[in-house]
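Reader: I've just opened this one and would like a guided look around. Could you take my questions one at a time?

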Amino acid sequence: MKPVFLDRDGVISIFTPDDYIKKWSEFEFLPTAFEGLKKLTENGFDIVIISNQAGVGRGLFSIEDLQNITQKMQQELKKHGAEIYKVYYCVHKKEDDCNCRKPKIGLIEQFIAENGEFEREKTFFVGDADVDIETGIKSGLRTILVLSGKTKLVDEVQSWNFKPEFIANNIKEAADIIIKETKKGE
Ligand SMILES: [Mg+2]
Ligand SMILES: [Zn+2]
């Protein structure tokens, strides 16, 4: 197994600062999402989405709405040659203090429990926010920050406790880094 962990909002789809993606009509792919995920698929990576969706816990949309978005997203990606291997969501609110809301690593642990261990030191986590980088590092993974979502400027990283190994403009650039780095390690 060759997993690559991706956050969803701000990496694959648009990041909405003051709202959640509550239904499929609000979901919008980022410009390089198809190309980036297709590249990863073609290079044999198992794409795993790890995403916080607290809007469910807040009652703004249901698990069924989330499943519908996920299904349509996967169908659309498939049309463009990109395959999603697994999708893991934390649907809790911050106040619930669950162990799966990023920056906690519960979803990565769940993935390992269900799919088995892999070479973590050779595996990437890609996200647009500080919590993604923290989750990746705490899980023993390599990290890439993309500037296509919550984080807009490289300078923002300076105040973070957990800093990304790489910074890319978008998921397509991140895919190129992952493919190059993986070849180096072979
Ligand atoms: Mg995000
Ligand atoms: Zn949770």
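This is a predicted model: local features need pLDDT of at least 70, side-chain atom pairs count only at pLDDT 80 or more; totals for chains, interfaces and linings use all residues.

Reader: Let's begin with the big picture: what pattern of helices and strands does the protein follow along the sequence?

Author: There are six helices and six strands to keep track of.

Reader: What radius of gyration does the protein have, and what would a compact globule have?

Author: Along the principal axes, the C-alpha atoms fill a box of roughly 45 × 40 × 35 Å. For 186 residues, a compact globule would come out near 16 Å, and the protein agrees with that, its radius of gyration being 15 Å.

Reader: How do helices H1 and H6 lie, roughly parallel or roughly perpendicular?

Author: H1 covers residues 33-42 and H6 covers residues 171-184, and their axes are 7 Å apart. The angle between the two is about 20°. Angles under 35 degrees count as roughly parallel, so H1 and H6 are roughly parallel.

Reader: And what is the make-up of the contact of H1 with H6, in nonpolar, polar and charged residues?

Author: The crossing of these two helices is left-handed. H1 brings Ala33, Glu35, Gly36, Leu37, Lys39 and Leu40, which meet Ile171, Lys172, Ala174, Ala175, Ile178 and Ile179 of H6. Sorted by type, the residues of this contact are eight nonpolar, one polar and three charged.

Reader: Moving to helix H5, which elements do its buried residues pack against?

Author: H5 spans residues 130-138, and its buried residues are Asp130, Asp132, Ile133, Glu134, Thr135 and Gly136. After H5 comes Gly140, with a positive phi near 80°. The buried residues of H5 pack against helix H4 (106-115), strand E4 (124-127) and strand E5 (142-146).

Reader: Is Phe125 buried or exposed?

Author: Phe125 sits in strand E4. Beyond its neighbours within four places in sequence, Phe125 is in contact with Phe5, Asp132, Thr135, Gly136, Ser139, Leu141 and Thr143. Its C-alpha atom is 6.4 Å from that of Ile144, 19 residues away along the chain. With 30 other C-beta atoms within 10 Å, Phe125 counts as buried.

Reader: Which residues does Gln53 touch, leaving out those up to four places away in sequence?

Author: You'll find Gln53 in the loop between strand E2 (46-52) and helix H2 (54-57). Gln53 is buried, because 24 other C-beta atoms lie within 10 Å. The C-alpha atoms of Gln53 and Tyr20 are separated by 7.8 Å, though the two are 33 residues apart along the chain. The residues that Gln53 touches are Leu66, Tyr89, Cys90 and Val91.

Reader: Why does Leu66 count as buried?

Author: Leu66 belongs to helix H3, residues 63-79. Apart from residues up to four places away in sequence, Leu66 touches Gln53, Val56, Phe61 and Tyr89. The cut-off for buried is 20 or more other C-beta atoms within 10 Å. Leu66 has 21 such neighbours, so Leu66 counts as buried.

Reader: How does Ile167 count, then?

Author: Ile167 lies in strand E6, residues 166-168. Leaving out residues up to four places away, Ile167 touches Leu145, Leu147 and Val154, and its C-alpha atom is 7.5 Å from that of Leu147, 20 residues away in sequence. With 18 C-beta neighbours inside 10 Å, Ile167 counts as partly exposed.

Reader: What is the phi of Asp97?

Author: Asp97 is in the loop between E3 and H4. Asp97 is exposed, since 9 other C-beta atoms lie within 10 Å. Most residues other than glycine have a negative phi. Asp97 has a positive one, near 50°.

Methods: Residues are numbered from 1 along each chain as its sequence is written. Chains are lettered from A and ligands numbered from 1 in the order in which they are written. Axes are lines fitted to C-alpha atoms, for helices over the stretch in contact, and angles run from 0 to 180 degrees between N-to-C directions. Helices (H or I, at least four residues) and strands (E, at least two) are DSSP runs, numbered from the N terminus. Angles under 35 degrees count as roughly parallel, over 145 as roughly antiparallel, 65 to 115 as roughly perpendicular and the rest as oblique. A crossing is left-handed if the near helix is turned anticlockwise from the far one by less than a right angle, and right-handed if clockwise. Two residues are in contact if their C-beta atoms, placed from the backbone, lie within 7 Å. Ala, Val, Leu, Ile, Met, Phe, Trp, Tyr, Cys and Pro count as nonpolar, Asp, Glu, Lys and Arg as charged, and the others, Gly among them, as polar. The radius of gyration is taken over C-alpha atoms; the globule rule is 2.2 Å times the number of residues to the power 0.38. A residue is buried if 20 or more other C-beta atoms lie within 10 Å of its own, exposed if 12 or fewer, and partly exposed in between; C-beta atoms are placed from the backbone.
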